[in-house]
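Which charged side chains pair up in this fold, and where do they sit? The paragraphs below go through the salt bridges.

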Amino acid sequence: MANTAPVMMEAVLAGRSNGYLANRGMILLNLNLAISLISSYATGYDGSMMNGLQTLDTWNEFFHTPSASTLALLNAIQNVGQLVALPFCALACDKFGRRATLLFGALIMLVGTILQGSAQNNGMFIAARGLLGFGLAFNITAAPLLILELAFPTQRAPLVSLYNALWSLGAIAAAWITYGTFRLTTDNGWRIPSYLQGLSSAVQLLSCFFIVESPRWLVDRGQEEKAKEIIIKYHTNGNREDYMVLIELEEIKEALRLEKEALASTSYLSFFQTKGNRRRFFIILAVGFFSQWSGNGLISYYLTLVLDSIGYKTEASQNLINGLLTIWGLVTTVFFSLLVNKFGRRTMFLTSTIGMLVTFIIWTALEATYEKATDLTGSGSPTVGRAVLAMIVLYNTFFAVGWGPLQVTYVVEILPYQLRARGLVLYNFFVALALIFNQYANPIAMTNIKWKYYIVYDVWLFIELVVVYFLFVETRGASLEETAAILDGVAVQEQLIEGVARATEHESKVPLPVNEKVDRGSNVEMRTAKC
């Protein structure tokens, strides 16, 4: 005889239409989330814009052809601004909400881009970029949290992955804008791209009345009814009787209760108080640094130096290559973002890292061949130069398999609510530190030791592969709360399931799908589904 039992999210979602355009509520939800998704535009825009500006004669003339160290400062100051802001980002997200923090960051960024575009000297340009980075820290901390906590359960991972993938959208915009303006002989050739970096911030500020707050933040602040209304409107298309409303609310409440029981107070020290949290910390550390120290910084910020080293030295050819690479990056990263629910996170990270290691080793060998020929004869082989370009494209493809779409997704997935904002701040902090090092070390090392510097990344990529293999865990699942509990062990996962079961035991039950039945000899019973 079949019995029904309280079910978890996977069973509730079974059989329902979960497409992005499934119903009016889903369409409105994803239009709303699109406003947060474009936060990644500004980050991608910055790296590509600075790549493009370095190729512009008007920019170089205005800033007196910056030396390697000055160029490093012009790039790195944006990340210094982020570092200054990061200590306040988690506090703002938890105290004032994800929505308010997102908009505050957008406002500061808009002011920064206006000052950047109207800069009259090096000092003003540097100060503007520092201010831009300050606002960016708030914006990119709040945006993925809002997407993760508001999205429909089955769409969370693809949407957060898409958020990171849209870095390439900003990169494309900057690359082709600078390609279009390099023909201008006035300062507008570099001022126009600088102003347009504020486009995403302007869109978010103009859309401020449409942005919805995170249901999880509302529950944590005692506003359960508001959270319930958001879930009803967007997740169940206005159906107040849908069992999913109860399950989702109870999972949020139970997860928050368990977190508060485990940690009497929450601070950054909480990352060192339990085995699960310590592993979370080291995963965040690894993702933050590996996402920037995998050799991708050479392409993101110093593609001009790379292209110079293989014979592509004209302004037009460098801008064209930069533009084409950013388009390829967007296509590949979006493609793999839509596959994150089909393959394991760990599998995608491992595939990505192995592919990057192999292509970078080949890239290093080809770069050495070209530069040695140049030193001997005054020019390298065009065929070898084209082969280096091919390796750059292939490297970008493998980066897009895992590190492109998954870095933010993976970080926020492994974190429980009480540590989510702080964990994302730590991730952004590690990214900023890695970028500052990259932006200072890369141009100087590439200028002084040339192809030998690439060997450093060959060794580092091998270290990354070892760390990913032994440290990273699989997190693929339907429920945010259940996914976050994976690192805390079986006992915590069972507590979460039992807590939700107790809270829903007096409500109407729904049977599990056929494939969730468990055969016990001659009896078939229904069980609680686990993600």
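Asp94, Arg98, Glu149, Arg420 and Arg422 are joined in a network of salt bridges; a salt bridge here is a side-chain nitrogen of Lys or Arg within 4 Å of a carboxyl oxygen of Asp or Glu. The model is predicted, so local features need pLDDT of at least 70 and side-chain atom pairs count only at pLDDT 80 or more, while totals for chains, interfaces and linings use all residues. Residues are numbered from 1 along each chain as its sequence is written, and side-chain values use heavy atoms, with hydrogens and water left out.

Glu149 belongs to helix α7 (residues 122-150) and Arg420 to helix α21 (residues 417-448), so the pair ties together parts 271 residues apart in sequence. Helices are DSSP runs (H or I, at least four residues), numbered from the N terminus. Glu149 is buried, at 0% relative accessible area, and Arg420 is buried at 1%; buried means under 20%, exposed over 50%, and partly exposed in between (1.4 Å probe, protein chains only).

Another salt bridge joins Glu413 and Arg345, at 2.6 Å, N to O. This pair links helix α20 (residues 403-413), which holds Glu413, with helix α18 (residues 345-377), which holds Arg345, 68 residues apart. Glu413 is buried at 6%, and Arg345 is buried at 0%.

Arg240 and Glu229 also form a salt bridge, their closest N and O atoms 2.5 Å apart. Here Arg240 is partly exposed, at 47%, as is Glu229, at 34%. In total, the structure holds 11 salt bridges.

Notes: Helices (H or I, at least four residues) and strands (E, at least two) are DSSP runs, numbered from the N terminus.
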